[in-house]
Amino acid sequence: MKIIDAAVIVTCPDRNFVTLKLTTEDGLTGLGDATLNGREMAVVAYLHEHVVPTLLGRDATRIEDTWQYLYKGAYWRRGPVTMTAIAAVDMALWDLLGKATGLPVHRLLGGRCRTSARVYAHASGRDLPELLDAVTAAREAGYTAVRVQSGIPGIPSTYGVSKDGTPYEPADSAVPSESVWSTPPYLRHLPRMLAAVREAHGEELDLLHDVHHRLTPNEAARLGRDVEEFRLFWLEDPVPSELQEGYRHLRHHTTTPIAVGEVFNTIWDCQQLIGEQLIDFIRTSVTHAGGITHLRRILFFADLYAVRSGSHGATDLSPVAMAAALHVDVSVPNFGIQERMPHTALTDAVFPHAYTFADGTMDPGEQPGLGVELDEELAARHPYRPASLPVNRLADGTVHSW
Ligand code: CS2
Ligand code: MG
């Protein structure tokens, strides 16, 4: 099953997506997501210049060998651009193998360990009443786990909160917009916010919250303690993830479950966090952590230490990535939960897919391969538009993690 063509397709149906499409001599096509939010064209160049020429003529069934070739063979290892490019190739190869054998990818990965994958919704509001309404809407839509974020009194606008009823999409301008951050009001606000949600929605709903890398280890330790009574499902990215020792400090001070990893690219980025059991959930995504092959390596390692999966599933991961994540979710032993931010109707039209949502869970479906197609004609009508993630500053102008 020789690869005879590799095309990199960039489209912007409401937001940018980069897709790798491999074609074999038998006319089969496989898709891989290569979207790196705000750095899309860096991956496009990496694929065009350094990856595509090595794929032509290659046997598409040699998935592990191709992964090793692109990882070890490049000499320059790791990093988001490289690992996203490798991921796209890996996903496309699994898609091709599924189509060639007539099997959905989850069956190639050992088959289902569960009927479907539980997902969590995002609920946000500029103030508490708006947040409580958003949680109600998520529950009415069938979700049993909800990520809660709200505006913080004293901070003009914050991460994770949709502004005017439109779906939240942080990459909002070609040159990064700037936001202002202040930690003390946030630390005062969060316990109040969670108390309000528990008061209105009771004990049974699973609640998650994303700190988005903004605290020091000691601030995070205090927050973890302050919110223990609200029994979070997880507290996400409390400390910038490269500061792994910080998680040891945090772990020693709170039993609030911790989820980390959406910015990690390899098993080497989370080896210490998992091996020392400093976290409860690993959030590496199929797109940014080297594809299905490498994500599974991370998750099998995590299983040894009772760390469960919680794959990143923001809208900047395309429907191809969502499908790939779901095939992994239903087939690994240590699945925790899957993030879901629904794509726009236009994105769904550009990427028709077999996966479905019902009763707070998602299912990858039984179509051969990943079960996603790309409508290239519709994609071409929505060309790339540069968009960057915001930059964060403290009131005195100091740049702070966003
Ligand atoms: C967020 C993301 O989904 C999440 O948990 O942290 O929305 C993140 O900000 C974006 O994916 C960045 O590209
Ligand atoms: Mg996050």
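This is a predicted model: local features need pLDDT of at least 70, side-chain atom pairs count only at pLDDT 80 or more; totals for chains, interfaces and linings use all residues.
Residues are numbered from 1 along each chain as written, chains are lettered from A and ligands numbered from 1 in written order, and side-chain values use heavy atoms, without hydrogens or water.

Select ligand 1 and the residues around it (a heavy atom within 4 Å). The shell holds 14 residues, the closest being Tyr-159, His-212, Glu-262, Asp-316 and Glu-339.

Next, display the polar contacts (N or O pairs within 3.5 Å). Oxygen atoms of ligand 1 lie 2.9 Å from a side-chain N or O atom of Asn-37, 3.0 Å from a polar side-chain atom of Asp-210 and 2.6 Å from a side-chain N or O atom of Glu-262. Alone, ligand 1 exposes 340 Å², of which the protein buries 95% (Shrake-Rupley method, 1.4 Å probe).

Then select ligand 2, the magnesium ion. Its donors (N, O or S within 2.8 Å; 3.2 Å for Na, K and Ca) are Asp-210 (OD), Glu-236 (OE) and Glu-262 (OE), at 2.0 to 2.2 Å. Asp-210 lies in strand 7 (206-210) and Glu-262 in the loop between strand 9 (258-260) and helix 9 (267-275), so this pair ties together parts 52 residues apart in sequence. Helices (H or I, at least four residues) and strands (E, at least two) are DSSP runs numbered from the N terminus.

Note on methods:
A polar contact is a pair of N or O atoms within 3.5 Å; within protein, one must be able to donate a hydrogen and the other to accept it, and residues adjacent in sequence count only if both atoms are side-chain atoms.
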